[in-house]
Amino acid sequence: MAKPDPLKEHIFTSSTSTTPSSVRHKSLKPYVDAIVAFRRGRDFQSKPSLHRQRRLSEVIDKEGSFATSLDTIYAGVSAVFNDVEKTAVVAIAIHDNTYLADFSVKTIDLSSSPTEDRISDYVISELETYEHQNLSKFVGVGLPYGLMKRSPFLPSRLWLLLDVVPIIIRADHEEDIEGDEEQGGGEGRMHWREKGIDEQADSMARKCIMHFGPSLAPLLQVGYRGFVEVDSGFRARILTLSDFEKTCSATTWKTMMKFVTSLKQKGTKIAFFSSTPQGGGVALMRHALVRLAKLLGVDLKWYVPKPKPGVFRVTKTVHNILQGVSKPDEWISTEDKKTLTDWIEDNAKRYWLSPGGPLRPPEEGGADVIMIDDPQMPGLIPLIKELTPDRPVLYRSHIQIRSDLAEKEGTPQQNVWQFLWDNIQHADMFISHPIPSFVPKNVPRSKVTFLPATTDWLDGLNKDLNEWDQGYYGHLYNVQCRAVRMTELKWPAKKYIIQIARFDPAKGIPDVIKSYAEFRRLLQKHSPHTEAPQLVICGNGSVDDPDGTIIYDQTMNQLETQFPQLLSSISVMRLQPNDQLLNTLLSSCHIALQLSTREGFEVKVSEALHKGKPIIATKTGGIPLQVQHERNGFLVEPGNWHAVAGYLLKLWTDEKLYSEMSAFAKGSVSDEVGTVGNALAWFYLADMWAKDSKEERKGVIPKEKWVNDLARLEAGVVDIEGENRLPRF
């Protein structure tokens, strides 16, 4: 007969707890098994290459931190707990794309104050140390759901401190993969519990890898009916409510929560509809809004149509015509209009109006309040109103409309606008960027309200990145440059000026190049021995942006024919989607530009200011609402590249001016352009239009007031002196 293990006997009998022995033994078994298997723990065994470390250090000294080449890896974590003795055994497994590379197991003392999170501190420290010692960059970390419950801030700390995407894997997901509990009578649960803690961590790493695509970003999940499953099907838990709360004032948070409470009491269902799940400003805002709503428990869902060949060429032409940047003789034909109409109706009938769809009546499970969030989608409005005439439908117009041309008979703008207005006129509200001239005169002013575009301060585009991660993404940019023989960045040895925007005819890219060329001429005259900065023109592509390649080719042609002497100083790139790469480029730049000739709001301006970057931008669209001339940047008329060059010279040669503007810029951004401010506006609108317990709804007659002002008035919030708010007209 086998002798009992004295270590097991000690653990089972050392507690003075009154918990029945059978229950206590069952709950402690995983912990005991881990202690027995790894009595002395296990350290990572990987040894860094001293030669590679020396070479990398030499390259960084010579070429800058953007020369940092790091291996991408993944991790999995698992833990078992002894709540009696307040200890835990934590295993971390390291994976490359295919194989287990290393693992560690440690016993952690949890006898700390309630405000401490020893598990989180330990995992963060171990991963960061491993990265630096092994010249690596963690992409994702798999965590069991139970571990997240024990250490609730670990996922968001991984995201915010180490730029690692935490993938939370529930036990039932583990069981489904390992043994399908529904059909296997609990085999999956048994397999998971029988695994050693090191095997569990390895399993988490393997499952984590499955959530990432070739670009190393979490796979975008669009489910049945076009439902956008944000954050890899809500498995990437990157933020907590307390993280969001820190991004805004107490007044903004408290006001938002008033409407959150009301929506949850009513059980209001909100549905957003837009054309694409990623690529542009609308998609970025919706990802953040859905993420916050999920944490708050607000029933808010976002839907996109199934893409159809040829549709996005038509929608882009519509966009260009309304902005007035298309060719004078460019029209959309009757056939184009039919293509758009058929596309929307087909998606509506197949996915959204069918039984169980979000456009069914509320009593059949459909949404209570519907937001149409794109000029591609107004064809839905009459379909909704035909089925449920009293259900509120709110339309958001997020582009600059040349109202002067839209009102002029016989113009392409009038033709397109009338086509859209035939559907939009049935909406209950017309929500516009906060520029009155963007609203055509035939829109009843009683329906018009204003709401700016927003950004999220904690997503990949805006969160703070440490020097290690910035080096990784800067190198990634240079690798993409090298692949197409484009000029690479030498930061920090050489500073640079940047414009980040789509390659779009309205973004003023020719003016960016002309202003830089003139700045170089002025600098040579003013300070011939002063080294000039580089220029970066870059942006992501999008599935609904077929003009990108055309504008890129025009840009390169302009450089090669008009300014060949500057080719070695200018880097022009259409990038694969990667938020942190754009974040790195904006964070490391010296001066930002936004020289649009036509614009909606362009929240990229506020993103630059938030990072303390003085900006030179045009007086178009919503840009002047964000830039305070000569305080956090400079404003110029569209096309005035001579003035831009002059301001570039000032900021480049006057260090005192630059420092003052940079410091002011960081504190000059309003809550109205952040996710919480955006959520406040949408939750207010949804709450006002939703029915209460008496089957009555208040509704909103905005009369050209800002949504934020209406919401604060409803919540009884008074303006606070010194509060950063966008200027009203």
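Predicted model: local features only at pLDDT ≥ 70, side-chain atom pairs only at ≥ 80, totals over all residues.
## Two crossing helices

Two packed helices are described by the angle between their axes and the distance between the axes. Helix α20 covers residues 467–483 and helix α23 covers residues 579–588. Their axes come within 9 Å and cross at roughly 105°. Angles of 65 to 115 degrees count as roughly perpendicular, and α20 and α23 are therefore roughly perpendicular to each other.

On the α20 side, the contact is made by Q470, Y473, G474, L476, Y477 and Q480. On the α23 side, Q580, L581, T584, L585, S587 and S588 take part. Sorted by class, the residues of this contact between α20 and α23 are 5 nonpolar and 7 polar, with no charged residues.

## Cavities inside the model

Rolling a probe the size of a water molecule over the atoms shows where empty space is left. In this structure the count comes to 5 cavities of 30 Å³ or more.

The largest cavity has a volume of about 60 Å³. Its lining consists of I498, Q499, I500, L586, A592, L593, Q594, K604, V605, A608 and I615. The lining of the largest cavity divides into 8 nonpolar, 2 polar and 1 charged residues.

The second largest cavity holds about 50 Å³ of space. The residues around it are T252, S670, D671, E672, G677, N708, R712, E723, N724 and R725. In the lining of the second largest cavity there are no nonpolar residues, while 5 are polar and 5 are charged.

## An aromatic pair across the chain

The whole structure contains 18 aromatic pairs.

## Backbone exceptions

Most residues other than glycine have a negative phi, and most peptide bonds are trans. Two places in the model can be set beside that rule.

What kind of peptide bond joins W491 and P492? The bond between W491 and P492 is cis, with omega at about 5°. P492 sits in the loop between α20 and β14.

The other place is K86, whose phi is positive, at about 55°, although K86 is not a glycine. K86 is located in the loop that lies between β1 (71–82) and β2 (87–95).

Technical notes: Residues numbered from 1 in each chain as written. Heavy atoms only, no water. Axes fitted to C-alpha atoms, helices over the stretch in contact; angles between N-to-C directions. Helix = DSSP H or I, 4+ residues; strand = E, 2+ residues; numbered from the N terminus. Parallel < 35°, antiparallel > 145°, perpendicular 65-115°, else oblique. Contact = heavy atoms within 4.5 Å. Nonpolar A, V, L, I, M, F, W, Y, C, P; charged D, E, K, R; others polar. 1 Å grid on protein atoms, 1.4 Å probe; cavity = no way out; pocket = protein on both sides within 12 Å on 5 of 7 lines; lining within 4 Å. Points joined across faces, edges and corners; volume = space filled by probe spheres on them. Phe/Tyr/Trp six-rings, centres within 6.5 Å; stacked < 30°, edge-to-face > 60°.
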